[in-house]
Amino acid sequence: KGEAYEAMSFLSQVVKELAIEGKKGCTLGELWKLVEQGVLPFYSKSAPGTARLDNIQKCSLCKALLSRDDVLLVGVEKKGRKEFVQLLEDARENAEVRNSIQARIDKIRVRCTQSARDNMLVEGQISLLQQMSQSERKCLEVIAKKRYKGFLQKDLGTTIGVTQCVAYNCLKSLVDYQLVVKQQFIVKTSEKSKQKAIVQLIFLKSFLPRDIYEQQKADFAFLPVLDTTASPSVSLSDSTSATEYVKSVLELLKNAPGEVLRARQMQGQLGLDFKKWSYLERHLLSSELVEECVYNEG
């Protein structure tokens, strides 16, 4: 039962990768690469980035995909689909046939049905699609396309062809729907430079980075910063963890008159320089642990 469940789980993840490719889908050769990068590492004991599908696995996986109603062969009629499935069955048993058709298999284009793509985007909450605007849907699709690498929030408006204000409102809706998650990261500004910057990345909930991908992230040198759920190793100083600073700020506000304090006053009490305080302040605001306000004394 355990092996059968794992096989079903693996196939579901493969279909998810295909669904992300959208209406045009992709070739099976392209799909194998996506599976090797984003699915196989969770089911293989190989070192990250080294897991590969062999020809037998590709034939078996292809046959399993074509047995599903939510996976379509692009430009192939029902009769041709049946003939191809039979050819795959023969290939599983015959190495000569398998090796001779592998190049042909890799060039075949597949895609998911509209319902499968919708289901992947909203994680089964289909009713949410009726509430979404076209821009919100586009946002969700481009964020999903980035998978574990995350999408840079500042590029969202340009990518989907709307103003930053519209993009912000779309993103806020998707966060409220609990479909995406925003996370701050410290990133290298370039490979040669030692300079770093804080960026806001957006992920589908199911694509938050996992440890196994730390060796595979090409676009950014990821290091979560100021996450209250993070381990004490993520810190602002050698002696105090980010979580402790957050707790200190919340305690100061709790004991202040009207639960209001000036930011500069808290910075001084915590003994943080401007850069470290800026990191902390951004985290508190983005996590909605505090809010800015105009306070007229007296």
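This is a predicted model: local features need pLDDT of at least 70, side-chain atom pairs count only at pLDDT 80 or more; totals for chains, interfaces and linings use all residues.
Student: What order do the three strands of the open sheet have?

Tutor: Strands of a sheet pair through backbone hydrogen bonds, either parallel or antiparallel. Here the order is 1-3-2 with antiparallel pairing, where two strands pair if DSSP finds at least two bridges between them, and where helices (H or I, at least four residues) and strands (E, at least two) are DSSP runs numbered from the N terminus. Strand 1 (26-27) and strand 2 (71-73) are the edge strands, each pairing on one side only. Two bridges join strand 1 to strand 3 (residues 109-112), and C26 stands opposite V110 in strand 3.

Student: At what angle do helix 6 and helix 8 pack?

Tutor: Axes are lines fitted to C-alpha atoms, for helices over the stretch in contact, and angles run from 0 to 180 degrees between N-to-C directions. Helix 6 (residues 114-122) and helix 8 (residues 134-145) pack at about 80 degrees, with their axes 10 Å apart. That makes helix 6 roughly perpendicular to helix 8, since angles of 65 to 115 degrees count as roughly perpendicular.

Student: Which residues of helix 6 and helix 8 meet?

Tutor: Contact means heavy atoms within 4.5 Å, and Q114, D118, L121 and V122 in helix 6 meet R137, L140, E141 and A144 in helix 8.

Methods. Residues are numbered from 1 along each chain as its sequence is written. Side-chain values use heavy atoms; hydrogens and water are left out. Angles under 35 degrees count as roughly parallel, over 145 as roughly antiparallel, 65 to 115 as roughly perpendicular and the rest as oblique.
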